[in-house]
Amino acid sequence: MRTAGGFAKRHRSSITTSHRDRASECRTSSDHSRWSHIDTSIFTMTEFLTALVYASEKSANIARACKQEETLFQLLVQEKKGSEKNKKFVSDFKTLADVLVQEVIKHDIGKKFPGLEDYIFGEESNQFTNSLGEKIKVEVCATETETAELLSKVLDGNMIAAKLLARIVHHDVSIKDPALEKVKVDIPQDTMAVWVDPIDSTFQYIKGYADEKPKDGIYSKGLQCVTILIGVYNRSSGLPIMGVINQPFVTRDPDSLRWRGQYFWGLSYKDINICSLQNQDANATSQSTDDQHEDPRWNEELQPGDDNLSAVISTSENEAIKTALSMLRLYYAAGAGYKSLCAVQGFVSVYLFSEDTTFKWDCCAPHAILRSLGGGMVDFREYLKRIKDGNLDELPELIYNTPVNGATGVDRWANKGGLVAYRCPKHLDTIMNIISKVNLG
């Protein structure tokens, strides 16, 4: 934790991960055994991962700036229609912050790594309609002045607000994160693509609940549930490689009412697994970072009803699943990105969602971080099928390079089988075996 389109050709593949290899142990985030022998002489991807973190923090600054003035913020909200809309919601919205954040990430990463901008995909279109009915293409211009002039058209001529946002867009952020300097791995740029969710949990962002209290560290709703997600995946295999989750609203100064945030990152590539949480967990236990630190609970033989098992789900989850999971410590929270973050942070054993209304941009970033911690994100319904077939040698991990056959609009990139996010394979096994006994209809 730190304060602070499409392809010309799609590769269709079914990606699985060895269940025996992953389930053989449950590692905490401070297990460095798989990356402590990296050859430091090889070309480093520090710049690329750092660029993702910087882009996420600049995006968080935009999200906070847009939210600071509520009167201004109401000008920025626009209802999604047609193919843009998530069918889960009666009304679905995007804000200028969503669109601007997405364009800033595309611009900054593309500028730093030319050619990659064509492989950065996101949830939002960059079209915005102002109160006069004018359709405006939001983008980052060559200069701060030009960007301000463009944004003023969206903001009904409010040049003061437009200049403020343009200044943030063109201002370089400053972050000191020594752990990023340890990332030394060669990943060819032409093998990577990026999914971006600029503002996950837009409804919570719009409502802006600021005074919610957490239960066991978990917020059921509020600005704390808002996340910015940047995930990198392999174009060929579809597996996630890197992820950054930025939480723009974590604590608010009681005097200035200004918010501070935090971010998390992870990299999982071949035999290398590095995560920003590793140093934190090692520091918390006051042991050498070369040691393996295992939470003894993660090696216990767990049984249904064990108090060490927990799950976070949506309030809209299937009632039969809610009932089955009631024997665990059960939490409800808003935002797919935030619920995944709860699994990343170890607040819960799993985040489970059985519906088909999450998307690739919701999952790529947290999936990469979870893989770096020894966990992952699997297709919920395919996992259940494999339990019934007695074939769990391979885990049905989500992949990110293949659209849903026959679907249109945003549904092309839906996780049609639902998902389960986890850090520990043993916990995943136990909880999914509970669910396998439920009649889901």
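## The β9–β10 hairpin

Strands β9 and β10 form a hairpin with 5 residues between them, and G238 in the turn has a positive phi of about 85 degrees. Helices (H or I, at least four residues) and strands (E, at least two) are DSSP runs numbered from the N terminus. The model is predicted: local features need pLDDT of at least 70 and side-chain atom pairs count only at pLDDT 80 or more, while totals for chains, interfaces and linings use all residues. Residues are numbered from 1 along each chain as its sequence is written, and side-chain values use heavy atoms, with hydrogens and water left out.

## Pairing around β9

Two strands pair if DSSP finds at least two bridges between them. β9 and β10 (residues 240–252) pair in the antiparallel sense over 6 bridges, with L229 opposite I245 in β10. Strand β8 (residues 192–200) also pairs with β9 in the antiparallel sense, over 7 bridges; the bridge partner of D200 in β9 is T227.

## Burial of β9

Because 8 of the 8 residues of β9 (residues 227–234) are buried, the strand is largely enclosed by the rest of the structure. Buried means under 20% relative accessible area (1.4 Å probe, protein chains only). In a regular strand the side chains alternate between the two faces of the sheet. T227, L229, G231 and Y233 lie on one side of β9, I228, I230, V232 and N234 on the other, and all are buried.

## Nonpolar cores

A nonpolar core is a set of buried Ala, Val, Leu, Ile, Met, Phe, Trp, Tyr and Cys residues joined through side-chain atoms within 4.5 Å. The largest has 66 residues, and those with the most contacts inside it include F48, I109 and W265. Its largest share, 11 residues, comes from helix α2 (residues 46–68). A second, separate core of 41 residues includes W195, C275, Y331 and A414.

Technical notes: Buried < 20%, exposed > 50% of the residue type's maximum accessible area, 1.4 Å probe, protein only.
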